[in-house]
Amino acid sequence: IGGVLFLYLPHPDMAYWLPQNNAKHLHSWSPDAMAKTVRDLGFVNVLHSERDMAWGFSVVGFVPNSEKAA
């Protein structure tokens, strides 16, 4: 059974969202680093964008299909 993970995160180029400027944000991720983290968690076919006009970026990963149904 597969699934999709979709993340939309603030880009680190936007100073407002950096942890030192906004106490609600504890981490700052680059698109490459977040895509690597998602891959390391076992997702496959991971794609990521770069900064968009809203100063965010997206990461999409897919859960591998398993032959066994849970």
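This briefing covers the salt bridges, the nonpolar core and a nonpolar surface patch of the structure above.

The model is predicted, so local features need pLDDT of at least 70 and side-chain atom pairs count only at pLDDT 80 or more, while totals for chains, interfaces and linings use all residues. Residues are numbered from 1 along each chain as its sequence is written, and side-chain values use heavy atoms, with hydrogens and water left out. The structure holds two salt bridges, and its largest nonpolar core has seven residues.

**Salt bridges**

- A salt bridge is counted when a side-chain nitrogen of Lys or Arg lies within 4 Å of a carboxyl oxygen of Asp or Glu.
- Asp 13 pairs with Arg 51 in a salt bridge, with 3.1 Å between the closest N and O atoms. Asp 13 is in the loop between strand 1 (3-10) and helix 1 (31-40), and Arg 51 is in the loop between strand 2 (44-48) and strand 3 (56-63), so the pair ties together parts that are 38 residues apart in sequence.
- Helices (H or I, at least four residues) and strands (E, at least two) are DSSP runs, numbered from the N terminus.
- Asp 13 counts as partly exposed at 47% relative accessibility, and Arg 51 counts as partly exposed at 42%. Buried means under 20% relative accessible area, exposed over 50%, and partly exposed in between (1.4 Å probe, protein chains only).
- Asp 40 forms a salt bridge with Lys 36, and their closest N and O atoms are 2.8 Å apart. Asp 40 and Lys 36 are four residues apart in helix 1, so about one helical turn separates them.
- Asp 40 is exposed at 55% relative accessibility, whereas Lys 36 is partly exposed at 48%.

**Nonpolar core**

- The largest nonpolar core consists of Met 34, Ala 35, Val 38, Phe 43, Val 46, Phe 57 and Val 59. Such a core is a set of buried Ala, Val, Leu, Ile, Met, Phe, Trp, Tyr and Cys residues joined through side-chain atoms within 4.5 Å.
- Helix 1 and strand 3 are the elements that give two or more residues to this core; helix 1 gives the most, with three.
- Leaving aside residues up to four places away in sequence, Phe 57 touches residues including Leu 7, Trp 29, Met 34 and Glu 50, where contact means heavy atoms within 4.5 Å.

**Nonpolar surface patch**

- Val 4, Phe 6, Tyr 8, Val 44 and Phe 62 form a nonpolar patch on the surface, together about 480 Å² of accessible area. Patch residues have over 30% relative accessible area and no salt bridge; like charges are joined within 9 Å, and nonpolar side chains (Val, Leu, Ile, Met, Phe, Trp, Tyr) within 5 Å.
- Accessible areas come from the Shrake-Rupley method with a 1.4 Å probe; for residues, only the protein chains shown count as cover.
- Strand 1 supplies the largest share of the patch, three residues. Phe 6 is in strand 1 and counts as exposed at 53% relative accessibility.
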